[in-house]
Amino acid sequence: MTRLLQTAITAGVSAVLAGGLAAQQAAPPAPLQVSLAEAVRRALDVQPDMVRARGDTRNAGASGRSAWGAFLPTVTTSASAFRSNQATFAPGDTSRLPPVYSYSGGLSATLDLFDGFRRLANLRATSADQDAAGAELVNQRYQTTLATQQAFFGALADEELVRVAEAQLQRAKEELQISVNKFQAGAATRSDTLTATVDLGNARLSLLQTRASLATAQANLGRQIGVDQPVRAVPDSTLPSLPDTTGLRAAALQAAPLVDQAEAQARAAGARRWTARSQYWPSLTIAYSNSRTGTGSPDLPLFSNYRESFSWRFGLSWTLFNGFQREQSQVTASVAHDNAVAQAADARRQLNAQLTQQLAALFTASAQIEIAGANVAAATEALRVTQERYKLGAGTLLDLLTAQANMTQAQVSQVQARYNYLIARAQVEALVGHPL
């Protein structure tokens, strides 16, 4: 039975090693390596939300130029050449003239002198839209940076967890070897070797799972930065200290991109109420047109050799009743303004609540880093003592496995605490709209 047990254990260890070699041989090529700054730069260039935010900014700028252009006259010019196969008659003469070309050119201009202050309201609305688009771009930049940092730190955390799992597997192999040696010497039971074999299998499964999580995290990081391959995150050797949060909340409530965008949208909605009210006012326009026509060769481009014909027109238009459509527009604009004001107030409250949450998470993670470091040091010493006691026969395998599990959990908690701190810090930066 002892020989059969040794054969089974040896076969299990060989299978573990063979599986590791096979995994190494089938491993994909080395992934692209990027730093955090490079990852953020790439993500800002390719993320669809950033492209959309930049497009909204361009559209808002074009709308602003159009609002200013409404104060300028609309100018149109035209020119044409005409020839028919029908003969014509000269004025006062019955003789038929052969078909000839006739040419014409014209110029017209129209200007709104008064439109019920609609253009002024549109100008204020488009200006607010530009402010909102600018705040949206800043907010989206930090949101994209946050998503990239989360993907980056997730890949780093999984890579460290792989190293923790590899160390766990190595300890499980050593414990299995110790239990086999003690069993051969008659100082351990068969149950110890079987338990150590199970612990080795669990360690191998844990390593496979962490490697799969790492591959997923690296693939997600590649997608985030616009690369069609896994990307390895290059760690920064320094951990930033806790930021100074004095006055941070008040400054964020005044100038955070989320609040700026909501308030600008409320201002734009208020300006559009005046656009709707302009329908109650009359509109006054002035128009000028100039045209020239002749049959001789034209003197381009002004057709100055032709007789001039021009006209001026002044127009007044005032809608007295249109089936309550003006009233409907007024109510719709007023409701939109009320909604925008409520959303702006809620955005401020949302920012205040999220800032409280993330600052608490930041300080909690900072404390967890210190606690996790002390736990790792204590678990390391406890594992060393327990291993020595088990080798000398003063301890049980259960004590050794418990110490190993505590050691692994302490290392995992240390990794999680460090990257929870970095992610919480990034979330605070995304909320306030500037680096800490």
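A salt bridge, as I use the term today, is a side-chain nitrogen of Lys or Arg within 4 Å of a carboxyl oxygen of Asp or Glu. With that in hand, glutamate 381 forms a salt bridge with arginine 384, and the closest N and O atoms are 2.5 Å apart.

Before going further, some ground rules. What you see is a predicted model, in which local features need pLDDT of at least 70 and side-chain atom pairs count only at pLDDT 80 or more, while totals for chains, interfaces and linings use all residues. Residues are numbered from 1 along each chain as its sequence is written, and side-chain values use heavy atoms, with hydrogens and water left out.

On confidence, pLDDT is the predictor's confidence in each residue, from 0 to 100; the protein has a mean of 85, and 89% of its residues reach 70 or more. Two stretches call for caution. Over residues 1-9 the pLDDT stays under 50, and the model has eleven contacts beyond four places in sequence for them, where contact means heavy atoms within 4.5 Å. Over residues 15-26 the pLDDT again stays under 50, with six contacts beyond four places in sequence. Where pLDDT is low, the predicted coordinates should not be read in detail.

Let me return to the charged pairs. A search of the whole structure finds 18 salt bridges, and side chains of opposite charge can pair when their charged atoms come close. Helices here are DSSP runs of H or I with at least four residues, strands are runs of E with at least two, and both are numbered from the N terminus. Glutamate 381 and arginine 384 are three residues apart in helix α8 (residues 325-392), and so are separated by about one helical turn. For accessibility, buried means under 20% relative accessible area, exposed means over 50%, and partly exposed lies in between, with a 1.4 Å probe and protein chains only. Glutamate 381 is partly exposed at 38%, and arginine 384 is likewise partly exposed at 42%. Elsewhere, salt bridges that share partners join Glu38, Arg41, Arg42 and Asp45 into one network.

Within that group, the side chains of arginine 41 and aspartate 45 meet at 3.5 Å, N to O. These two residues are four apart in helix α2 (residues 36-46), so about one helical turn separates them; arginine 41 is partly exposed at 43%, and aspartate 45 is partly exposed at 46%.

In helix α4 (residues 118-184), arginine 163 and glutamate 159 are also four residues apart, or about one helical turn, and their side chains meet in a salt bridge of 3.8 Å, N to O. Here arginine 163 is partly exposed at 45%, whereas glutamate 159 is buried at 13%.

Which side chain of opposite charge is nearest to aspartate 158, a buried residue without a salt bridge? Counting Lys and Arg as positive and Asp and Glu as negative, with His and the chain ends not counted, the nearest is arginine 163, at 11 Å. Aspartate 158 also lies in helix α4, and, leaving aside neighbours within four places in sequence, this aspartate is in contact with Ser213, Leu214 and Ala217.

Back in helix α8 we find arginine 348, which is partly exposed at 28% relative accessibility. Beyond its neighbours within four places in sequence, arginine 348 is in contact with Leu253, Gln254, Val259 and Glu263.

Turning to the surface, Leu113, Leu284, Phe310, Trp312, Phe314 and Leu316 form a nonpolar patch with about 690 Å² of accessible area together. Patches are made of residues with over 30% relative accessible area and no salt bridge, like charges being joined within 9 Å and nonpolar side chains (Val, Leu, Ile, Met, Phe, Trp, Tyr) within 5 Å; the areas come from the Shrake-Rupley method with a 1.4 Å probe, and for residues only the protein chains shown count as cover. Strand β8 (residues 307-317) supplies the largest share of the patch, four residues, and tryptophan 312, placed in that strand, is exposed at 54%.

Lastly, the backbone. Most residues other than glycine have a negative phi, yet phenylalanine 117 has a positive phi of about 65 degrees. Phenylalanine 117 sits in the loop between β5 (101-114) and α4 and is partly exposed at 43%. Phenylalanine 324 has a positive phi of about 65 degrees as well; this residue is in the loop between β8 and α8, and is exposed at 56%.
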